Amino acid sequence: MSTALGMFLVFIAVTLYITWWAARRSSGSSAYFAAGRSLTAWQNGVAVAGDYMSAASFLGIAGIIAFQGYDGFMYSVGWLVAYLTVLLVVAEPLRNAGKYTMADVLAYRLSPRPVRAMGALSTLTVSAFYMIAQMVGAGALVSLLLKDTGVTFHTAVIAVGALMIVYVVFGGMLATTWVQIVKAALLMGGTILLSLLVLKHFGFSLGNFFTAVTQVSYHDAQGNVVTQNFLTPGLRYKPPYGALDLISLGMALIFGTAGLPHILVRFYTVPDAKTARASVVWAMLIIGSFYILTTFLGFGAATIVGRDFIAKNGGTNMSAPLLAQTLGGDFFFAFISAIAFATILAVVAGLTISASTSFAHDFWTNVLHRGKERSPGEEVRVARVTAFVVGAISILIAILLGPNANVAFLVALAFAVAASANLPVIVLSLFWRRFNTRGAVAGLATGLLSSLVLILLSPSIMKGAAVFPLENPGIVSIPLGFLGAALGALTGREPEAEEKFTELNVRANTGLGAEKAVAH
Amino acid sequence: MPTASELNDRERSNETIRSADWERVAATDEFKSLIAAKRRFIAPAVIFFIVYYFALPALVGYAPGLMSRRVLGVINLAYLFALSQFFMAWIIAALYVRAAGRFDEMARKILHRLKGGE
């Protein structure tokens with residue numbers, strides 16, 4: 001199985017070449033942070049998809065479907081529909097009004113220092129949670145995929161962290177983008193191939209395939225043989241709180257995706273709002289096709305490989321790679337493993353660049369130094385150092401937590417914070433004239449705190465003694481985020497912010513004065 | 001390649017738009033009708049997709065019997081409804097892109113008039 005290691009190394013070589021090429025090509029802030037704003041719609045669209053389809057979706061969702069059937073597929077749905085919020089509400093105004101970060105849009109008409117400080121805090125929180133989840137997952141997964149070569153959890157975490165630092169520090173947004181494009185192409189190719197093999201296994205008959213899905217047999221915890229219809233809902237989410245948890249998860253996805261900093265920064269890499277829109281459409285095509293195909297990956301693993309075998313050979317996350325091994329042999333297993341590896345690398349690189357951009361641009365330049373670079377190129381230098389520090393810290397935390405840490409809830413938390421803190425203030429500052437600085441700070445703080453507290457009280461942390469019965473806090477924390485923002489705004493007036501709404505409104509809707517692409 | 005002056009593009013970014021320009025654009029009938037046209041499309045579209053999407057977890061959670069009913073061979077309503085969400089999202093995106101072509105045209109006219117002087 002050193003074929004897998006070989007393929008990992010090929011991918012690493014290709015991405016390092018991309019980084020070298022990007023580093024030679026780009027200089028200057030807008031080149032480093034936003035790839036010169038000169039990406040085309042399809043490039044950015046594919047990169048958005050690459051940034052978004054994490055190992056959690058590729059391996060995680062396939063695994064949940066393989067083990068719990070239909071309820072896992074419900075996850076898939078939310079991941080695509082969420083892009084309608086991005087498309088209809090956020091992408092174009094953000095591109096027109098901002099420069100590098102989410103907080104740019106808030107700082108446009110609100111008092112810049114407090115909203116940027118809070119915006120940076122929220123961005124760093126979301127990125128940190130998401131990143132730790134990815135890193136722990138990466139270590140566990142890579143050591144599992146390469147277990148015959150003796151690569152340990154520690155080696156894997158350090159390798160992933162070091163590569164991500166190299167991409168971001170040297171290659172900036174351009175290299176990160178191309179790593180994501182390569183990864184997205186590989187992921188789609190692998191998924192389509194695997195789906196075709198599943199269909200071939202059933203004689204290219206959807207009827208046979210779905211009939212098999214209705215009769216999945218496995219051994220339960222007591223050792224009895226169980227046969228289940230895997231199309232039946234409710235295998236994962238059970239009464240009394242299952243339905244509420246599903247709705248809460250849906251809310252976190254639908255409102256959280258449009259508040260994820262690493263997705264939002266991608267819209268600054270294109271020349272104008274129209275291209276930003278077209279890139280969301282490209283992303284939706286790819287993301288939608290991918291999540292529909294999780295039907296074949298997940299149910300295919302359930303019917304062809306079987307729960308019993310997967311449970312004995314690495315657990316839920318190994319469903320898709322084991323399916324590949326069963327249908328296509330060791331070579332195909334190696335290929336799918338390399339895709340999973342590429343997926344992790346691309347996502348952590350995207351998270352690192354959005355976190356370091358926010359720190360350098362929002363916090364360092366605009367909060368600490370009131371919007372002035374003290375020397376040319378300072379902002380980029382600060383971002384590079386931040387990327388290095390962020391990478392080093394996440395390697396350290398991942399190693400401290402170890403391979404067996406349950407980190408799935410961190411992703412839920414990242415989405416909950418994005419949905420409850422970021423989205424309300426973005427939407428209100430774009431659409432509500434009466435909104436002000438106090439509202440933004442209150443909204444960000446309420447959303448952030450309520451998500452954190454509810455997760456701490458949830459079954460993910462407190463197990464049986466949970467005070468809050470749902471795993472996903474969105475259903476409570478999102479309304480609280482909006483409420484905090486609205487009440488904060490209503491308890492004070494800020495004539496300047498209200499006056500500047502006109503400017504923001506014209507700029508967001510017509511593109512007048514929007515940041516231009518850098519000519520090459 | 002970007003030049004040295006582009007290293008610090010903060011100074012460049014606001015071009016030469018005078019504050020009066022924003023007010024002037026905002027006051028035009030064209031701008032008001034652009035905002036109204038956008039709202040007429042976006043508000044109903046957002047409400048529709050939110051209702052349609054949350055109907056899925058709500059029905060699956062609270063009416064599992066109904067959703068388990070087989071409607072197409074062995075395939076049940078729950079799976080078909082989930083699958084339909086993908087097409088719903090794509091169709092709304094396509095309709096929006098078509099409508100947005102109209103918005104772009106309106107915005108272009110507004111900017112053209114602004115640059116063309118009074």
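**Entry 1**

I looked up the contacts of A:Leu345 first. Leaving out residues up to four places away in sequence, A:Leu345 touches A:Val160, A:Leu163, A:Met164 and A:Val179. I count a contact when two C-beta atoms, placed from the backbone, lie within 7 Å. This is a predicted model: local features need pLDDT of at least 70, side-chain atom pairs count only at pLDDT 80 or more, and totals for chains, interfaces and linings use all residues. Residues are numbered from 1 along each chain as its sequence is written, while chains are lettered from A and ligands numbered from 1 in the order in which they are written.

Next I checked the largest nonpolar core, which has 231 residues. A:Tyr83, A:Val160, A:Ile287 and A:Leu345 touch the most other members. Helix α14 (residues 319-368) of chain A gives the most to this core, with 29 residues. My terms: a nonpolar core is a set of buried Ala, Val, Leu, Ile, Met, Phe, Trp, Tyr and Cys residues joined through C-beta atoms within 7 Å. A residue is buried if 20 or more other C-beta atoms lie within 10 Å of its own, exposed if 12 or fewer, and partly exposed in between, with C-beta atoms placed from the backbone. Helices (H or I, at least four residues) and strands (E, at least two) are DSSP runs, numbered from the N terminus.

**Entry 1: Confidence**

I read pLDDT, the predictor's confidence in each residue, from 0 to 100. Chain A has a mean of 90, and 99% of its residues reach 70 or more. Among the elements of chain A, helix α18 (residues 459-462) has the lowest mean, 82. Helix α19 (residues 474-490) has the highest, 96.

I compared the span of helix α7 (residues 112-145) of chain A with expectation. The expected span is 1.5 Å times one less than the number of residues. Its 34 residues should span 50 Å, and the end C-alpha atoms are 47 Å apart, which agrees. In α7(A), 28 of the 34 residues are buried, so this helix is largely enclosed by the rest of the structure.

A:Val115 sits in helix α7 of chain A. I found 29 C-beta neighbours inside 10 Å, so A:Val115 counts as buried. Beyond four places in sequence, A:Val115 touches A:Ala103, A:Leu106, A:Ala107, A:Leu110, A:Thr437, A:Ala440 and A:Val441. A:Ala440 is 325 residues away along the chain, yet the two C-alpha atoms are separated by 6.6 Å.

**Entry 2: Two positive phi angles**

A:Ala35 is not a glycine, but its phi is positive, about 50 degrees. I placed A:Ala35 in the loop between α2 (29-34) and α3 (41-52) of chain A. A:Ala35 is buried, with 28 C-beta neighbours inside 10 Å.

A:Arg370 also has a positive phi of about 50 degrees without being a glycine. A:Arg370 lies in the loop between α14 and α15 (378-401) of chain A. A:Arg370 is exposed, with 9 other C-beta atoms within 10 Å.

I counted 6 helices and 2 strands in chain B. Their order is α-α-α-α-α-β-β-α. Of its 118 residues, 20% count as buried.

The contact takes 53 residues from chain B and 53 residues from chain A. On chain B, the elements supplying at least two residues each include α4 (29-62) and α6 (77-115). By class, the side of chain B that touches chain A has 39 nonpolar, 8 polar and 6 charged residues. Here Ala, Val, Leu, Ile, Met, Phe, Trp, Tyr, Cys and Pro count as nonpolar, Asp, Glu, Lys and Arg as charged, and the others, Gly among them, as polar.
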